[in-house]
Amino acid sequence: MEIIFGRNKKEQLEPVSARVTGKIPAWLQGTLLRNGPGMHTVGESRYNHWFDGLALLHSFSIRDGEVFYRSKYLQSDTYSANIEANKIVVSEFGTMAYPDPCKNIFSKAFSYLSHTIPDFTDNCLINIMRCGDDFYATTETNYIRKINPQTLETLDKVDYRKYVAVNLATAHPHYDAAGNVLNMGTSIVDNGRTKYVMFKIPATVPGTKKKEKNPLKHTEVFCSIPSRSLLSPSYYHSFGVTENYVIFLEQPFKLDILKMATAYMRGVSWASCMSFHREDKTYIHIIDQRTRKPVPTKFYTDPMVVFHHVNAYEEEGCVVFDVIAYEDSSLYQLFYLANLNQNFEENSRMTSVPTLKRFAVPLHVDKFGVICCNFPAHAQDSISRTSLVLYQWTLRKHPSEDGSSFLQNAEVGSNLIKVPSTRATALKEKDGHVYCQPEVLYKGLELPRINYAHNGKPYRYIYAAEVQWSPIPTKILKYDVLTKSSLKWGEECCWPAEPVFVPTPGAKDEDDGVILSAIVSTDPQKLPFLLILDAKTFTELARASVHADLHLDLHGLFIPDVDRSAEKQTPAVTQEDENSDAPITQQA
Ligand SMILES: CC1=C(/C=C/C(C)=C/C=C/C(C)=C/C=O)C(C)(C)CCC1
Ligand SMILES: [Fe+2]
């Protein structure tokens with residue numbers, strides 16, 4: 001496994017042509033752009049954890065049936081400082097490091113004496129975010145790095161804190177149909193408060209001057225939720241959205257801010273400042289995007305750890321959401337390089353299996369009961385408590401004939417979920433709190449993706465990596481949430497990456513399209529390759545093998561060429577004609 005994890009990967013700076021077997025659909029034109037850790041040692045020093053590795057960007061450009069591969073290390077300040085010092089001088093998730101005494105680049109790292117939160121790394125190794133016409137490499141700190149999606153060059157270093165008060169932000173933003181970005185982050189001990197902040201970055205800005213064109217300058221806070229505890233906010237890696245709501249899980253996997261503030265002094269990593277509190281609950285926050293306020297009911301479930309939300313949607317007065325859940329935080333433990341490199345089979349057996357779970361949250365619970373089914377939306381919004389009671393009374397006296405709209409005086413202990421698409425339950429408790437219990441759908445999957453046109457909406461298919469006894473994917477999976485059946489692709493000595501769905505132009509069915517996945521091979525006779533599957537049947541359409549040092553990556557996106565040709569057709573932007581407000585095609 002050393003071959004996959006511990007070894008530094010060589011960059012492929014010049015695009016290399018791949019050997020294509022099979023037939024790439026003619027409509028598939030664009031670039032699969034991905035990110036992940038590629039360098040695990042610098043000089044004599046080694047990172048401890050796989051999530052520490054220096055970001056290596058790579059891309060497969062697909063044009064007229066041909067594929068070109070290239071890769072380049074993100075030229076972050078962290079990368080430059082490390083390379084210059086010929087050792088690790090910047091702290092990452094699982095490795096505490098100290099700045100080179102002669103250099104002052106990360107001088108703020110020592111600010112623990114005067115500030116609670118030290119400066120974090122800009123080694124953006126997790127994902128790629130699209131923001132208007134710009135692309136950024138992302139991690140979970142306050143830094144993102146602008147990149148050129150064609151050349152993989154590193155551009156501006158952006159500090160989120162310039163635009164919104166967050167010390168941490170997720171690497172998994174959401175996008176609406178117009179390409180506006182919705183993300184969230186944590187603001188730590190700011191003005192005596194620790195809170196979770198949801199913010200929007202517009203896709204386009206109507207400004208006239210070039211400077212005003214930066215969408216980040218138009219970032220808008222759209223809701224903040226106070227953390228239950230000032231000094232131990234939850235850690236979260238992603239969140240969910242429906243058409244009208246945001247789902248945020250305040251889980252009992254927490255950051256200890258006091259431990260973080262003293263980590264440099266104590267010589268311990270950030271990872272050691274995170275802990276799972278199995279005695280605690282997981283709180284489910286549902287935020288109404290129209291009012292920008294949380295739904296007042298307290299929803300909760302058992303302790304769990306979620307890294308990836310899969311999708312969510314609204315159905316008959318409920319928010320239904322799917323996540324990959326763990327019983328504890330042991331996943332992060334498994335990715336210590338020492339576990340991955342020696343006695344791999346023994347050390348990386350999962351104690352907690354990533355499980356696809358479906359939750360349902362009833363939206364209109366009050367102390368009088370619960371509104372189910374097709375209670376008209378306008379009425380839900382405008383009915384006051386008094387008229388609600390009256391309405392309830394009227395309905396009880398005169399129940400609607402087809403039973404489609406009704407109010408129900410829910411008994412304590414009764415299940416408030418009556419939607420057809422799940423057996424998940426939500427039990428009303430004496431104090432008005434609601435205890436949600438999920439339906440278990442599938443065990444042993446991670447890195448979930450969907451057809452993003454269905455994000456926030458009812459959907460049927462999940463594409464994911466199948467993980468069996470270890471956290472390293474061995475197969476790609478298509479899971480049908482309706483029939484609960486699955487299709488799989490796998491091959492000896494092949495280690496697949498997160499599968500990305502690309503829709504056929506003018507697609508009718510949700511699964512009309514292809515799956516792209518970069519496959520790392522541990523068979524010396526077999527080159528690594530880009531796999532192209534028919535998303536409907538999960539049969540191989542083509543593979544593009546490359547003579548290059550492919551790394552196992554984390555996340556990325558597909559940029560269809562329509563976007564590029566639109567860019568080319570747009571005349572060069574001048575000071576005067578920068579008013580264009582045209583929406584962009586979004587491919588998350
Ligand atoms: C550096 C740093 C962090 C980095 C976290 C990372 C890099 C997490 C990666 C998670 C992944 C890849 C999960 C996959 O499911 C924290 C803890 C946010 C805060 C302190 C500074
Ligand atoms: Fe992730």
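Partly exposed, on this tour, is the band between buried, under 20% relative accessible area, and exposed, over 50%. Keep that in mind as you click around, and remember that this is a predicted model.

**Stop 1**

Select Lys 536 to start. With a relative accessible area of 31%, Lys 536 is partly exposed. You'll find Lys 536 in the loop between strand S41 (529-534) and strand S42 (540-545), while Asp 509 sits in the loop between strand S39 (500-503) and strand S40 (513-521). That makes it a link between distant parts of the chain, 27 residues apart. Asp 509 is partly exposed too, at 39%.

Next, bring in Asp 512. Its side chain meets that of Lys 536 in a salt bridge as well, here at 3.5 Å, N to O. Asp 512 lies in the loop between S39 and S40, so its pairing with Lys 536 ties together parts that are 24 residues apart in sequence. Is Asp 512 buried or exposed? Its relative accessible area is 19%, so Asp 512 counts as buried.

**Stop 2: another bridge across the chain**

The model has 27 salt bridges in total, and the next one to pick is Glu 220 with Arg 292, whose closest N and O atoms are 3.2 Å apart. Glu 220 is in strand S17, and Arg 292 is in the loop between strand S22 (282-288) and strand S23 (293-294), 72 residues away. Both ends fall in the middle band: Glu 220 is partly exposed at 36%, and Arg 292 is partly exposed at 33%.

**Stop 3: the iron site**

Now select ligand 2, the iron ion. Which residues hold it? Show His 172, His 237, His 308 and His 555: each coordinates the iron ion through NE2, at 2.0 to 2.1 Å. Along the sequence, these donors follow the spacing H-x64-H-x70-H-x246-H.

Zoom in on His 172 and His 237, which are 65 residues apart. His 172 is in the loop between strand S13 (168-169) and strand S14 (174-175), and His 237 is in the loop between strand S17 (220-226) and strand S18 (240-241). Both of these histidines are buried.

Methods:
Residues numbered from 1 in each chain as written. Chains lettered and ligands numbered in written order. Predicted model: local features only at pLDDT ≥ 70, side-chain atom pairs only at ≥ 80, totals over all residues. Heavy atoms only, no water. Donors = N, O, S within 2.8 Å, 3.2 Å for Na, K, Ca; no water. Helix = DSSP H or I, 4+ residues; strand = E, 2+ residues; numbered from the N terminus. Buried < 20%, exposed > 50% of the residue type's maximum accessible area, 1.4 Å probe, protein only. Salt bridge = Lys/Arg side-chain N within 4 Å of Asp/Glu carboxyl O.
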